[in-house]
Amino acid sequence: MARKNADKKKSRGEGNPAVRGKDAPVEISQDDFLAALNVDLAHEYSAVITYRTYASQVQGQWRMELRQFFEQEIPDELGHAQILADKIVSLGGTPATVPAAVRPAGDAKQMLRNALDDEIETIDRYVLRRKQAEALGHYGLAVEFDDLIRDESNHRDEIQLLLRRWDTG
């Protein structure tokens, strides 16, 4: 069980203090920054897989609406992956090719909860990554993270509205 939890944390980037959310250090080496960007890239790949899978699997009374919602998120996540992969290469790194783990869900509400958790974790990582980029003098990338944070915040807000509506019927 402990090994399974450690593997899960590693796949989500939690094993490396340079990539954690709010408690991670802002000061970071270029190599650790590239590793952190690759964790972010793996999560964007995972988001594409998650949203495609959820769009196909969703059932229930709001199936069509949720399917459309999940499908509409995919191009944004692919765009984020492109930004990250291009920046990793321009900074001298090699982009990750393996996605982070996808959280399975048994029903539509769990899909939304998982997606919300993922968006919140992504926002936390990107707020930190923006600070790290600025600390390393990557000011253009810091501005790009502002755009990514805005996109992910909009995704979070939309999911929260869907869940609120779900709870009120």
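Reply: **Charged side chains and their surroundings**

The side chains of Arg103 and Asp117 form a salt bridge, with N and O 3.5 Å apart; the term denotes a side-chain nitrogen of Lys or Arg within 4 Å of a carboxyl oxygen of Asp or Glu. This pair connects distant parts of the chain, since Arg103 belongs to the loop between α3 and α4 while Asp117 belongs to helix α4, 14 residues apart. Helices are DSSP runs of H or I with at least four residues, and strands are runs of E with at least two, numbered from the N terminus.

Before going further, note that the model is predicted: local features require pLDDT of at least 70, side-chain atom pairs count only at pLDDT 80 or more, and totals for chains, interfaces and linings use all residues. Residues are numbered from 1 along each chain as its sequence is written, and side-chain values use heavy atoms, with hydrogens and water left out.

Through shared partners, salt bridges join Arg103, Asp117, Asp118 and Glu121 into one network. Asp117 has a relative accessibility of 36% and therefore counts as partly exposed.

Helix α4 comprises residues 108-135, which makes 28 residues, and it reaches 41 Å from its first C-alpha to its last, close to the expected 40 Å. The expected span is 1.5 Å times one less than the number of residues. At the start of α4, a side-chain oxygen of Asp107 comes to within 3.1 Å of the backbone nitrogen of Lys109. This is a polar contact, meaning N or O atoms within 3.5 Å, where within protein one must be able to donate a hydrogen and the other to accept it, and residues adjacent in sequence count only if both atoms are side-chain atoms. After α4 comes Gly137, which has a positive phi near 85°. Leu128 is also placed in helix α4; at 5% relative accessibility, Leu128 counts as buried.

Trp166 lies in helix α5 (residues 139-168) and, with 26% relative accessibility, counts as partly exposed. Neighbours within four places in sequence aside, Trp166 is in contact (heavy atoms within 4.5 Å) with Trp62, Leu66, Ala108, Lys109 and Leu112. A charge also lies over the face of Trp62: that of Arg165, at 4.7 Å from the ring centre. Such an arrangement requires NZ of Lys or CZ of Arg within 6 Å of the ring centre and within 35 degrees of the ring normal.

How many salt bridges does a search of the whole structure find? It finds 13. One of them joins Arg52 and Glu71, whose closest N and O atoms are 3.3 Å apart. Arg52 is in helix α2 and Glu71 in helix α3, so this pair ties together parts that are 19 residues apart in sequence. Arg52 is partly exposed at 33% relative accessibility, and Glu71 is partly exposed at 29%.

The structure also holds four aromatic pairs; rings of Phe, Tyr and Trp (its six-membered ring) pair if their centres lie within 6.5 Å, and planes under 30 degrees apart count as stacked, over 60 as edge-to-face and the rest as tilted. Tyr54 and Phe70 have ring centres 5.6 Å apart and planes at 65°, so they form an edge-to-face pair. Tyr54 is in helix α2 (residues 30-57) and Phe70 in helix α3 (residues 63-90), so the pair ties together parts 16 residues apart in sequence. Tyr54 and Phe70 are both buried. Ring pairs link Tyr51, Tyr54, Phe69 and Phe70 into a cluster. The buried residues of α3 include Phe69, Phe70, Glu73, Glu77 and His80.

Key:
Buried means under 20% relative accessible area, exposed over 50%, partly exposed in between (1.4 Å probe, protein chains only).
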